[in-house]
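Hi everyone, thanks for making time. I'd like to walk you through one model, so please have a look at the screen with me.

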Amino acid sequence: MRHFEAVRSHLGGVHQLHHNDPYLISFDLSLGQGRHQGIYLAELEGESGRRYLRVSTPIGPLAGTDPQRCLRFNWEQRTGYLAVADLDGSPYLHLCENRLYEFLDVAELERVIRVLGTLGDRLEQIIASDEDAL
């Protein structure tokens, strides 16, 4: 997994890709019990020129979300952090993780996808239910 094409090749053989652009792919991760979570992968370049793989999943609209709780959530997480990105022109919370290619293999890629997908689904359910848990 030293470059984005290796990631695309692996995931394209395992999942049906919805987006398949030069530096962005996406698919639905099946979580069981009829639940699915959208997973997005993109390539980023750091200031030093090193390339990263960003794995993200949308969890809910930004509107009505307490920013202090989001920062507290980020502080407590070992894998994944909350960020804001546009989804269909609206600000949306995403659970993200960035990984350097040089430390990424198939097992680690699958682990990160599974952790983010599962946690993202739980967060999405909490936000959708209007619970005060985030």
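I'll take the sheet, then an aromatic pair, then a pocket.

A word on the ground rules: this is a predicted model, where local features need pLDDT of at least 70 and side-chain atom pairs count only at pLDDT 80 or more, while totals for chains, interfaces and linings use all residues. Residues are numbered from 1 along each chain as its sequence is written, and side-chain values use heavy atoms, with hydrogens and water left out.

Let's begin with the sheet. Six strands make an open sheet, ordered β1-β2-β3-β4-β6-β5, with antiparallel pairing. Helices (H or I, at least four residues) and strands (E, at least two) are DSSP runs, numbered from the N terminus, and two strands pair if DSSP finds at least two bridges between them. At the edges sit β1 and β5, each pairing on one side only.

Now follow the bridges. β1 and β2 pair over three bridges, and N20 has I25 in β2 as its partner. Strand β4 (residues 51–61) pairs with strand β6 (residues 90–100) over nine bridges; there, V55 stands opposite E97. On to β5 (residues 81–87), which pairs with β6 over seven bridges, with A85 bridging to Y92. Those two strands form a hairpin with two residues between them, and D88 in the turn has a positive phi of about 55°.

Next, the aromatics. How many aromatic pairs does the count come to? One, where ring centres of Phe, Tyr and Trp (its six-membered ring) must lie within 6.5 Å, and planes under 30 degrees apart count as stacked, over 60 as edge-to-face and the rest as tilted. The rings of F4 and Y23 have centres 6.4 Å apart and planes at 40°, so this pair is tilted. Because F4 belongs to helix α1 (residues 4–14) and Y23 to the loop between β1 and β2, the pair ties together parts that are 19 residues apart in sequence. F4 is buried, at 2% relative accessible area (buried is under 20%, exposed over 50%, partly exposed in between, with a 1.4 Å probe and protein chains only).

Last stop: the second largest pocket. Which strand gives the most to its lining? That is β5, with six residues. The lining residues include Y40, R54, H94 and C96. A pocket here is an open set of points on a 1 Å grid where a 1.4 Å probe fits, with protein on both sides within 12 Å along at least five of seven lines, and lining residues have an atom within 4 Å of a point.
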